[in-house]
Amino acid sequence: MNFELTEERQMLQDTLRRFLREKYDVETRNKILASDEGMSAEIWAQMAELGVLSALFSEEDGGFGGAGFDIAVIFEELGRAGMVEPVMETCILGGSLIAALGNETQKGLLETVIGGEMRLAVAHTEPRSRYDLSRVETKAEATGDTIRITGQKAVVQGAPLADHVIVSARESGAVDDQDGISLFLVSVSDLDMRPYPMIDGGVATELMLDIEVSADARLGPVGGAYEALATTWARAITAQVAETLGAMETATDLTIEYLKTRTQFGRPIGTFQALQHRMADMLIELEQARAAVIGAAGYLEADPKLRDRYASAAKNLMGRVGRLIAEESIQMHGGIAMTQEYELAHIAKRITMADHRFGDTDHHLEQFIKMSA
Amino acid sequence: MDLSYTDTEKAFRAEVQAFMRDELPDHMAEKVRKGRGLTKADMEDWHARLNAKGWLAQNWPKAFGGAEWNAVQRHIYEEEACLANAPRIVPFGLSMLGPVLQKFGSKEQQDHWLPRILDGSDWWCQGYSEPGAGSDLASLKTKAVRDGDHYIVNGQKTWTTLGQHANMIFCLVRTDPDAKQQEGISFLLIDMDTPGIEVRPIVLLDGSVEVNEVWFTDVRVPVENLVGEENKGWTYAKYLLTHERANIAGVGFSNAGLEAVKRMARAEMAGGRPLIENPHFAARLAQAEIDLSAMSLSNLRIVSMTAAGGAPGLEASMLKVKGSVIRQEINDLARRACGPYALPFPSEEVDGTNMPPIGPDYAGKVAGEYFNHRKISIYGGSNEVQRNIIAKTTLAGGAR
């Protein structure tokens, strides 16, 4: 066993941490959060230049990483900085699906993605699907070379910032069958979007679909996208638990600093044992979270059963620990943590709202139980 | 023991229900239900309707124009008002300053200020906390120096709720810097239009603007605006805090919140079934309901005791801790129930009437409210302060 990062990943971590500390400070981030765009094109270009985007793709797909630990290292740093740019949507969701299912032409897009010139989003979740990966009511019907897609997609994150959106639709089977789900690569010019912000940053849109696309928009086999979706979701969960871990590190650091410096009753509040023990519990749980991320990342390339077991375990644990750390950090700060401009506010929202993507604490508890049976 | 309400109490409940039916405007209830901000005009309108009925100053003696309700009546009102999605009564004049003036104010102060609270001439806010004086309120530094017929006030208050609407502020100020902390504090009434006062809004983490910083630079306050005696303000402040603790458990809010979560969980689908049938969610919901049900009974027990003339001591601190934790748990359930639709956070103009709603209409407020309500365990004496009170009173050999 070896729990050390490789030298390359260590370098990537150092470079990214330094970059974000210098270029993505709280003031910059608060400006981005308040902007209509909801992201910074400049930061995006610099991330591409630094090789952060390409580290999320395998050599075969034109990158130099793409494995579980590459994802974990990068997203932990993004989480520490509370980054809201659509790296998840572009590189993990969209990028993984194109890499897994794309033909030569479609895979050609990855070069522009890695270069920072193109962004992607995935429209999969629907108003009634909640967190069920195989529940797709949106329909695709092919007539000759034309495919008509009808249905509704919910909270499509990053779509307003994307050039292409990958839309899932059912071509056969019952509403929650794994078989029968297809994917289509749709240009945003074909989509009617009404962007709105999310409470933890970034932008999304609802999609009311009644569109026609040509057959060459199809990504992967007819009705056979589920496996790639499941792999992509496992990658997304790994990225997200790592991101949440990073955010929890920031929340914990801020709280420790506050306990040391805030004085009430004539002494730093960190000298009160009631708060000391709670801080100790936060740190204990933070290490549990770190272990969960290592598990998810380390088994990401393993057999899908093992992979999904670790992914669900991590997501469930992160949901529980995340709530503890977000709530305790705010409570031990007191009023100051309730203000929008203080760094912790955004970080606590990132931690908490992570539980609303890719399945929440309860959903993954159920998945884990099913896989354990 | 008898856990049922008396006939008089039942009749009173029916009267409150009828009032809500007849007097609460739909647009106001709709705003409260969806968690939209109420305007100053909305709140003033609601106060006026209650005042017309004689129900605005519920805890004031009749001699001062109050309803003189007992604790059970106030509890019943609170329950019905929450279920009807009525705006809450703005407490600063009515629940906080009013009782202080009635007990410690001069006849002139009572005659002048109390009617103005009832008819809405004055909107009061509270100048207690400071950046360096939160849980440790007695360490406050805003100072008032006597200069002839005036005090000259310098300093800063913070977390001043709805201070942006207020024309008056009651403040704790230090008048004797050499005395022991609690002994050099006075209670001043200050006109917000006085030169040298600046109100700066604080945007909270859910984007709402409900609290403010209030800055004082050489603000001249007439000496007749001193309540009671100089340097006795801490006594009045503590008296006020016991009134701030009325309805401290928030049972009405929790009951209404739990009903709302149930409605959401019936509408939301998980795995092709209503969420309310999902065993994990149902277990969370049931546990919250069990806790709330026990806490409601404790609350009623303490309320009855108060109605009979007893004074809640430690129990108030216990209700504050348990009540806030349960209310926050219900906010957490609402957030969970909405799944991915808890994420959207459109501004009000995007979410206006001419746009289709983003997800179900109940989902818009759940995340914001979850974050905003973290304040419940922080304000009014944080839960840590309440636990200190419980522990100190018990372990220091004090009477239980």
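Let's start with strand E4 of chain A, residues 164-170. This strand is mostly covered: seven of its seven residues are buried. Keep in mind that this is a predicted model.

Now look at where the residues of E4 in chain A point. A:His164, A:Ile166, A:Ser168 and A:Arg170 face one way. A:Val165, A:Val167 and A:Ala169 face the other way. Both sets are buried. Here is the general rule behind that pattern. In a regular strand, side chains alternate between the two faces of the sheet.

Next, the neighbours. Which strands pair with E4 of chain A? One is strand E1 of chain A, residues 120-123. E1 and E4 run in the parallel sense, and four bridges join them. Find A:Val122 on your screen; A:Ile166 of E4 stands opposite.

Another is strand E5 of chain A, residues 181-187. E4 and E5 pair in the antiparallel sense, over seven bridges. Two pairs to look for here. A:Val165 stands opposite A:Val186 in E5. A:Arg170 has A:Ile181 of E5 as its bridge partner.

Stay on E5 of chain A. Is this strand enclosed or open? Six of its seven residues are buried, so E5 is largely enclosed by the rest of the structure. E5 also pairs with strand E8 of chain A, residues 218-219. That pairing is antiparallel, with two bridges. A:Leu183 is opposite A:Leu219 in E8.

On to the helices. Take H10 and H11 of chain A. They pack at an angle of about 160°, and their axes are 8 Å apart.

Who meets whom? From H10 of chain A come A:Gly322, A:Arg323, A:Ile325, A:Ala326, A:Ser329, A:Ile330 and A:His333. From H11 come A:Leu344, A:Ala348, A:Ile351 and A:Thr352. By class, this contact has six nonpolar, four polar and one charged residues.

Last stop: the second chain. How many residues of chain A are in contact with chain B? The count is 37, and they touch 37 residues of chain B. Several elements of chain A give two or more residues to that side. Among them are strands E3 (146-157) and E7 (203-214). Helices H10 (304-333), H11 (343-353) and H12 (361-372) are also on the list. The chain A side divides into 16 nonpolar, eight polar and 13 charged residues.

That's the tour. Questions, please.

Key. Residues numbered from 1 in each chain as written. Chains lettered and ligands numbered in written order. Predicted model: local features only at pLDDT ≥ 70, side-chain atom pairs only at ≥ 80, totals over all residues. Buried ≥ 20, exposed ≤ 12 C-beta atoms within 10 Å, placed from the backbone. Pairing = 2+ DSSP bridges. Contact = placed C-beta atoms within 7 Å. Nonpolar A, V, L, I, M, F, W, Y, C, P; charged D, E, K, R; others polar. Axes fitted to C-alpha atoms, helices over the stretch in contact; angles between N-to-C directions.
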